[in-house]
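Visitor: Hi! I'm new to this one, could you walk me through it?
Guide: Happy to, let's bring it up and go step by step.

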Amino acid sequence: MTDRNDSLDPSKSDHSTDWEALARHLAGESSPQESVAVEAILAERPLDRELVAIVGQAMSEVAAEVPAGLDVEAALASVKARRDSAGPVLTVHSNRKAPPVRTRWRVAIPAIAAAAVVAIGLASWLSRGKDTVQQAAQPAPRFLATGVGVRDSLRLPDGSQVVLGPLSSVAVAAGFGEKAREVEVRGDAWFDVVHDEAKPFTVHAGSATIVDVGTRFAVRSDAFEGVAVSVAEGSVSLRPVNSSLQQGVILKAGDNGLVKSGGQVVTRRGGANPDDLAWLRGSLVFREAPIDEVKASMRRWYGLELRFADSSLASRHITATFNGESPDRVLDVLKLILGADIERRGDTAIVRPAGRSVRSR
């Protein structure tokens, strides 16, 4: 049997971490010693800390809505059982034949991501205020987040569908569908929207606002240059956040657009590329991609933090395609492309010019 304090030792591997301790930490039920140990672990794992923050925020938002007499333990057990019984392969079905989504990346899903699913499932149950545990597993969540290397989907009350890429999230506004339909996304998201002229479908993504005009489109809120939108069918209105609808630029099927961080909207007619939607097929595609884009993608898909010991390497561009290769295999490919040495230290990969040693810490 593994001692609880041993499993919280930051020097242990990820697989021996006590994830129940993280739940106690979020709930404020940890002992002082346990809290210090958990904080030490999270300090060394920025991706886990980010996911813990997401779960903590979601739990805080629903804490005030707990109805009297709620059997929280039973609800958690029900949602957890549903989560554990789910298979490793996810297939998304759409009335308009949206691309099938399969989670096939050979990366272990962080246990905290599983904890997020439990918390989200419980939050959904609380928001509807049902009286039985059996109903807890049924309602669609109002918030969905994915972990490293994981894709997931959400069917909205109006029949529209959202597919999320790794380390991404979607929040559905309260009262969705009553007078308006609004969601907020972070990361990569694909939308298959049921059109309703009386209730426009609005996506808030970083510095951009996207309004559906009856369409299917992809959004990347953390693209290297800004917020990128690629339209596969129909059209959308794209504009900077806090601007009027009249200021929006109409993108049609085959177009893509970009809202730069300064608010400038760049339109590329016919510029949509199959590579824009490659992540829906489980592929990670780089086409003359700057290193910052590569670093962000490696963080989302593999949980790896790339660090460059030489600025000349950080200014390079990458062209490559990956289809679920292991993290070490991807690093080997990057090593060849860059003509560099890469030393992996846990979740960090240090890139340096070939033949140059890295001073030990």
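**A first look around**

Guide: This is a predicted model, and within the chain confidence is lowest in helix 1 (residues 4-7), with a mean of 37, and highest in strand 6 (residues 188-192), at 96.

Visitor: Okay, and what does the chain average for pLDDT?
Guide: The average is 74, and 60% of the residues score at least 70.

Visitor: Where does pLDDT stay under 50?
Guide: Residues 82-115 are one such stretch, and the model has 79 contacts beyond four places in sequence for them. Another is residues 117-141, with 49 contacts of that kind.

Visitor: How should I treat places like that?
Guide: Where pLDDT is low, the predicted coordinates should not be read in detail.

Visitor: Got it. New topic: where is Ser160?
Guide: Ser160 sits in the loop that links strand 2 (152-155) and strand 3 (161-164).

Visitor: Is Ser160 buried or exposed?
Guide: Ser160 is buried, because its relative accessibility is 1%, and the cut-off for buried is under 20%.

Visitor: Which residues does Ser160 touch?
Guide: Leaving out residues up to four places away in sequence, Ser160 touches Leu154, Arg155, Arg181, Asp192, Val193, Val194 and Phe201. With Val194 there is a polar pairing to look at: a polar atom of the Ser160 side chain lies 2.9 Å from the backbone nitrogen of Val194.

Visitor: Nice. Let's switch to helices: how do helix 7 and helix 9 pack?
Guide: Helix 7 (residues 291-302) and helix 9 (residues 327-338) pack at an angle of about 170°, and their axes are 12 Å apart. The two helices are therefore roughly antiparallel, as angles over 145 degrees count that way.

Visitor: Which residues make that contact?
Guide: Helix 7 brings Ile291, Met298 and Tyr302, while helix 9 brings Pro327, Val330, Leu331, Leu334 and Leu338.

Visitor: One last thing, what is phi like at Leu167?
Guide: Phi of Leu167 is near 50°, a positive value in a residue other than glycine. Leu167 lies in the loop between strand 3 and strand 4 (169-172), and it is buried, with a relative accessible area of 16%.

Visitor: What about Asn242, buried or exposed?
Guide: Asn242 counts as exposed, at 77% relative accessibility. Asn242 also has a positive phi, about 70°, without being a glycine, and its place is the loop between strand 11 (235-240) and strand 12 (249-252).

Conventions. Residues numbered from 1 in each chain as written. Predicted model: local features only at pLDDT ≥ 70, side-chain atom pairs only at ≥ 80, totals over all residues. Heavy atoms only, no water. Helix = DSSP H or I, 4+ residues; strand = E, 2+ residues; numbered from the N terminus. Buried < 20%, exposed > 50% of the residue type's maximum accessible area, 1.4 Å probe, protein only. Polar contact = N/O pair within 3.5 Å; in protein donor to acceptor, adjacent residues only side chain to side chain. Contact = heavy atoms within 4.5 Å. Axes fitted to C-alpha atoms, helices over the stretch in contact; angles between N-to-C directions. Parallel < 35°, antiparallel > 145°, perpendicular 65-115°, else oblique. pLDDT = per-residue confidence, 0-100.
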